[in-house]
Amino acid sequence: MPGEDGLLVRSSRFFDLETPVEYFHTWITPVPRFFVRNHMHEPSALTAADWRLTVAGEVEKPVTFSLAELSRIAPHSVVNTLECAGNGRGLYRPQVPGAQWGKGAVGTARFSGPRLRDVLQRAGIKSSGKHVMFRGLDEVPGKVPPFIRSIPVEKALDSDTLIATHMNGAPLTKHHGFPARALVPGWIGAASCKWLTEIKVLESEFVGNFMSPGYRFPNRPGKPGEAVAPQDTYPVTALNVKSVIASPLDQANLKPGRVFIQGAAWAGQADIVKVEISTDGGSTWNPATLGRDHVHYAWRLWSYIWNAPRGDHRILSRATDSLGRTQPSTPVWNPGGYLYNAVDEVNIYVA
């Protein structure tokens with residue numbers, strides 16, 4: 001696809017494109033290698049001159065912004081690891097419906113634009129305003145409900161929640177939400193609505209398909225494959241603790257001796273404090289070296305040097321965050337296939 005470099009196609013209908021894990025060796029993911037997640041068709045005709053953003057609902061004074069007017073509000077930048085809630089869905093057993101993502105529906109970029117709270121303050125939030133709703137310009141096919149989600153007003157007013165207009169120092173591309181998108185750092189990608197055109201302050205959480213039954217997690221673990229009632233679930237918000245091995249690749253054939261194991265780890269609103277590596281299938285664990293680049297909301301690169309003997313080997317990685325969470329050995333199965341974060345593994349042969 002033009003503008004996208006070597007990504008894996010998970011859906012050609014709505015353009016769901018996954019980043020191969022071997023690209024997870026840079027702290028900032030280049031835009032052409034950044035995954036793409038669309039729920040519907042991208043806007044077919046959208047220009048910067050014609051675009052408008054309205055802010056209404058539980059506000060004192062509804063306002064409308066052009067892109068030029070929005071650009072006159074002081075910008076703020078956030079380096080954020082953006083991950084689709086369904087990243088890893090294809091690894092769940094039994095299989096669950098939806099885009100069958102592997103490990104690469106995630107990337108880290110520097111997003112810039114006005115703070116959402118600065119835009120909301122122009123309208124004046126009423127005391128009755130408890131949730132902030134986003135609607136994009138996705139082109140809805142047939143009777144599919146529009147992609148609309150909301151976030152609590154406290155997260156909307158956070159100083160790092162943005163209306164992003166730039167990504168890695170350049171204007172957003174069409175695949176990533178041109179001309180403006182919400183950026184809700186540390187939370188699942190679905191919270192960061194693309195092609196943003198309407199912000200509405202609500203008295204309560206938005207009621208719609210992509211809030212319920214979509215993007216919800218069971219209140220308690222259940223048996224794999226069993227149904228879960230919507231009322232026994234809660235909205236998926238912040239990301240989980242997770243690590244991914246970028247190299248060596250699964251099923252690689254290597255020579256004996258020095259092997260450089262590397263990857264990335266992230267934890268949403270928490271910080272990565274430790275990554276451990278096992279080269280013997282989990283019998284023993286050793287600390288990896290964390291990369292120097294380290295800011296809130298962004299992943300940590302890590303590396304480990306191993307003197308590999310001949311034979312078959314199962315390499316594992318697990319991360320621990322500042323909340324004390326550690327990747328589990330097995331994922332918590334759920335019917336939506338969300339928040340997969342089991343210990344990562346690759347199997348290699350050394351000869």
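Q: How many cavities of 30 Å³ or more does the count come to, and what makes a space a cavity rather than a pocket?
A: In this predicted model, the count comes to three cavities of 30 Å³ or more. Each is called a cavity because a 1.4 Å probe fits inside but cannot get out, whereas a pocket is an open set of points.

Q: What is the volume of the largest cavity, and which residues lie closest to its centre?
A: The largest cavity holds about 230 Å³ of space. It is lined by 20 residues, with Arg 37, Arg 181, Gly 189, Ser 192 and Lys 194 the closest to its centre.

Q: What makes a residue part of the lining of the second largest cavity, and which residues line it?
A: A residue belongs to a lining because it has an atom within 4 Å of a point of the space. For the second largest cavity, with about 50 Å³ of space, the lining consists of Glu 83, Cys 84, Ala 85, Asn 87, Leu 239, Asn 240, Val 241, Lys 242, Leu 339, Tyr 340 and Asn 341. These divide into six nonpolar, three polar and two charged residues.

Q: What makes a space a pocket, and which residues lie nearest the centre of the largest pocket?
A: A space is called a pocket because it is an open set of points with protein on both sides within 12 Å along at least five of seven lines. The largest pocket, with about 420 Å³ of space, is lined by 20 residues, and those nearest its centre are Pro 213, Gly 214, Tyr 215, Gly 336 and Tyr 338. Eleven residues of this lining are nonpolar, six are polar and three are charged.

Q: Which residues lie nearest the centre of the second largest pocket, and which elements give two or more residues to its lining?
A: The second largest pocket, of about 260 Å³, has 17 lining residues, and Tyr 340, Ala 342, Val 343, Asp 344 and Glu 345 lie nearest its centre. Two or more lining residues come from each of β16 (242-247), β23 (311-321) and β24 (344-350), and β16 gives the most, with three. The lining of this second largest pocket has eight nonpolar, four polar and five charged residues.

Q: How do you know whether the radius of gyration of the protein chain agrees with that of a compact globule?
A: A compact globule of 351 residues would have a radius of gyration near 20 Å, and the protein chain has 21 Å, so the two agree. Along the principal axes, the C-alpha atoms fill a box of roughly 70 × 45 × 40 Å. The chain contains three helices and 24 strands, and 53% of its 351 residues count as buried. Of the contacts with a separation of 6 or more, 71% are between residues 24 or more positions apart.

Definitions and conventions:
Residues are numbered from 1 along each chain as its sequence is written. This is a predicted model: local features need pLDDT of at least 70, side-chain atom pairs count only at pLDDT 80 or more; totals for chains, interfaces and linings use all residues. Side-chain values use heavy atoms; hydrogens and water are left out. On a 1 Å grid over the protein atoms alone, a cavity is a set of points where a 1.4 Å probe fits but cannot get out, and a pocket is an open set with protein on both sides within 12 Å along at least five of seven lines; lining residues have an atom within 4 Å of a point. Grid points are joined across faces, edges and corners, and a volume is the space filled by probe spheres set on the points. Ala, Val, Leu, Ile, Met, Phe, Trp, Tyr, Cys and Pro count as nonpolar, Asp, Glu, Lys and Arg as charged, and the others, Gly among them, as polar. Helices (H or I, at least four residues) and strands (E, at least two) are DSSP runs, numbered from the N terminus. The radius of gyration is taken over C-alpha atoms; the globule rule is 2.2 Å times the number of residues to the power 0.38. Buried means under 20% relative accessible area, exposed over 50%, partly exposed in between (1.4 Å probe, protein chains only). Contact means heavy atoms within 4.5 Å.
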